Amino acid sequence: MSINNITILIQGPLNKTSLDNIENYYLKYGKIIVSHWSDDNKELCKRLSTLEKKYTHLSSVSLKDQPPMHPDYRLHQLYTTFAGLKKCNTPYVVKVRSDEMWVNLQPLIKEFLKDDTKMVTSNIFYKPTYDVYHISDHLMIAQTNFFKEGMRKFFSKLNAKDFYFRHKDITIDVAAVACETIFGRMFLYGKHGFNIPQSENAFKEDFACIDVNEIDEYVLKWNNNNKTFEKPNGVLYNGEE
């Protein structure tokens with residue numbers, strides 16, 4: 001895959017972990033978008049500004065007016081992801097979290113190129129047996145147009161006041177739906193429209209995943225349990241504990 005065809009989208013509050021990895025992403029993959037909040041740490045904002053001056057194809061978007069906790073940061077992740085996608089103009093996009101880093105994304109890209117109509121994620125909380133489109137939201141690659149259109153459809157059905165879905169087949173509060181499931185549904189909206197396949201079929205035809213330990217080096221977070229997994233100099237992620 002040409003680096004001209006891919007963008008790395010880093011989303012979430014500015015974090016030293018991902019900023020330290022900017023040069024690695026830039027040299028290997030070219031285009032980077034950092035989508036974050038305008039009231040992030042001032043020193044990290046200054047550092048991002050310096051990096052943007054150094055790297056031509058690094059750009060950023062900062063959002064104001066953070067949404068309320070509902071019940072956690074899932075809406076924050078959705079907003080920063082969508083804002084970054086709006087700026088993305090390459091055929092493919094890799095979405096990563098700002099508190100994580102990945103040194104070599106080739107295993108992810110290799111799996112994706114087997115069928116670029118799929119969304120490929122990692123095995124972190126990837127749950128095909130849950131029957132609710134529960135993919136992983138820690139690391140994902142997809143066609144930009146599918147991802148972007150799916151998020152556009154999602155936000156068109158999301159009431160800004162009470163955060164309820166308004167489409168006939170989604171009647172439960174966002175707070176009751178895992179972020180992984182929301183991302184899974186959104187991708188399918190972008191690919192299929194609102195008439196999406198059953199979860200079991202989607203995991204066969206629309207989703208795939210890799211084992212994160214195929215990647216040479218990483219830092220990943222399980223914030224709900226206050227855990228950090230690192231390769232090679234720490235505890236590896238070997239499945240949900």
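Buried residues (under 20% relative accessible area, with exposed over 50% and partly exposed in between, 1.4 Å probe, protein chains only) make up 54% of the 241 residues in the protein. This is a predicted model, so local features need pLDDT of at least 70 and side-chain atom pairs count only at pLDDT 80 or more, while totals for chains, interfaces and linings use all residues. Residues are numbered from 1 along each chain as its sequence is written, and side-chain values use heavy atoms, with hydrogens and water left out.

Q: Which residues have the most contacts inside the largest nonpolar core?
A: A nonpolar core is a set of buried Ala, Val, Leu, Ile, Met, Phe, Trp, Tyr and Cys residues joined through side-chain atoms within 4.5 Å. The largest one here has 41 residues. The ones with the most contacts inside it are Ile8, Ile22, Tyr25, Ile32, Val94, Trp102 and Leu105.

Q: Is Met101 buried or exposed?
A: Met101 lies in strand S5, residues 101-102. Leaving out residues up to four places away in sequence, Met101 touches Thr17, Asn21, Tyr25, Glu217, Tyr218 and Val219 (contact means heavy atoms within 4.5 Å). Its relative accessibility is 10%, so Met101 counts as buried.

Q: Which peptide bond is cis, with omega near 10 degrees?
A: Look at the segment after strand S10 (227-231), where Pro232 lies. The cis bond there runs from Lys231 to Pro232.

Q: Asp131 or Tyr133: which is buried and which is partly exposed?
A: Asp131 is in the loop between strand S6 (119-122) and strand S7 (139-143), and Tyr133 is in the loop between S6 and S7 too. Each has a positive phi, near 60 degrees for Asp131 and near 65 degrees for Tyr133. At a relative accessible area of 49%, Asp131 is partly exposed; at 7%, Tyr133 is buried.

Notes: Helix = DSSP H or I, 4+ residues; strand = E, 2+ residues; numbered from the N terminus.
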